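Subject: Structure for your review

Dear colleague,

I would be grateful if you would read the two together.

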Amino acid sequence: MNLNQITVPSLDLTKSIPFYEKLGLKLIVKSLPHYARFECPNGNSTFSIHQTDELPKGDGIYVYFECENLDEQVDKIKSKGIEFDQEPTDQMWLWREARLKDLDGNQLILFYGGENRLNPPWRIKNGNEN
């Protein structure tokens with residue numbers, strides 16, 4: 001299997017579409033008022049938003065976008081007027097992350113994990129947890 005896309009809820013796609021375009025995603029499907037889909041700038045994955053009348057409760061949804069030049073990408077996005085909740089920060093799980101929320105409160109994490117994204121030192125080897 002290969003992950004094709006992630007879809008998150010939105011109360012108003014007419015406001016959400018420009019937000020995601022400022023993040024650098026390319027709009028490829030615009031079916032208002034119910035659905036919009038974007039291409040990610042790198043790789044083959046897509047990201048979509050769908051209109052909903054009510055947002056999820058609690059912490060909601062977390063979506064991670066990997067960026068090789070994380071700090072530069074964050075600066076570029078900030079120059080478009082988007083605010084981050086957390087500036088790029090080295091994490092104990094060996095990734096560098098910046099965090100923000102979209103207009104509907106979905107949590108977006110821009111990160112760079114490098115080799116540790118798939119192969120952290122604590123990765124399970126050969127199906128053994130020990």
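**Salt bridges and aromatic pairs**

Asp 90 and Arg 96 form a salt bridge whose closest N and O atoms are 3.0 Å apart. The term denotes a side-chain nitrogen of Lys or Arg within 4 Å of a carboxyl oxygen of Asp or Glu.

The model is a predicted one, in which local features need pLDDT of at least 70 and side-chain atom pairs count only at pLDDT 80 or more, while totals for chains, interfaces and linings use all residues. Residues are numbered from 1 along each chain as its sequence is written, and side-chain values use heavy atoms, with hydrogens and water left out.

By the salt-bridge rule, the count comes to seven. Asp 90 is exposed, at 58% relative accessibility, whereas Arg 96 is partly exposed, at 24%. Here buried means under 20% relative accessible area, exposed over 50%, and partly exposed in between, with a 1.4 Å probe and protein chains only.

Glu 54 pairs with Lys 57 in a salt bridge with 3.5 Å between the closest N and O atoms. Glu 54 is exposed, with a relative accessible area of 55%, and Lys 57 is exposed at 66%.

In the salt bridge between Glu 97 and Arg 99, the closest N and O atoms are 3.0 Å apart. Glu 97 is buried, with a relative accessible area of 0%, while Arg 99 is partly exposed at 21%. Shared partners also join Asp 71, Asp 90 and Arg 96 into one network of salt bridges.

Turning to the aromatic residues, the structure holds seven aromatic pairs. Rings of Phe, Tyr and Trp (its six-membered ring) pair if their centres lie within 6.5 Å; planes under 30 degrees apart count as stacked, over 60 as edge-to-face and the rest as tilted.

Tyr 20 and Phe 47 form a tilted pair, 4.8 Å centre to centre with 45° between the planes. Tyr 20 lies in helix H1 (residues 13–23) and Phe 47 in strand E4 (residues 46–51), so the pair ties together parts that are 27 residues apart in sequence. Helices (H or I, at least four residues) and strands (E, at least two) are DSSP runs, numbered from the N terminus. Both Tyr 20 and Phe 47 are buried.

Trp 95 and Phe 111 form a stacked pair, 4.3 Å centre to centre with 20° between the planes. Trp 95 is buried at 18% relative accessibility, and Phe 111 is buried at 4%.

Finally, Phe 19, Tyr 20, Phe 38, Phe 47 and Phe 65 form one aromatic cluster.

Yours sincerely
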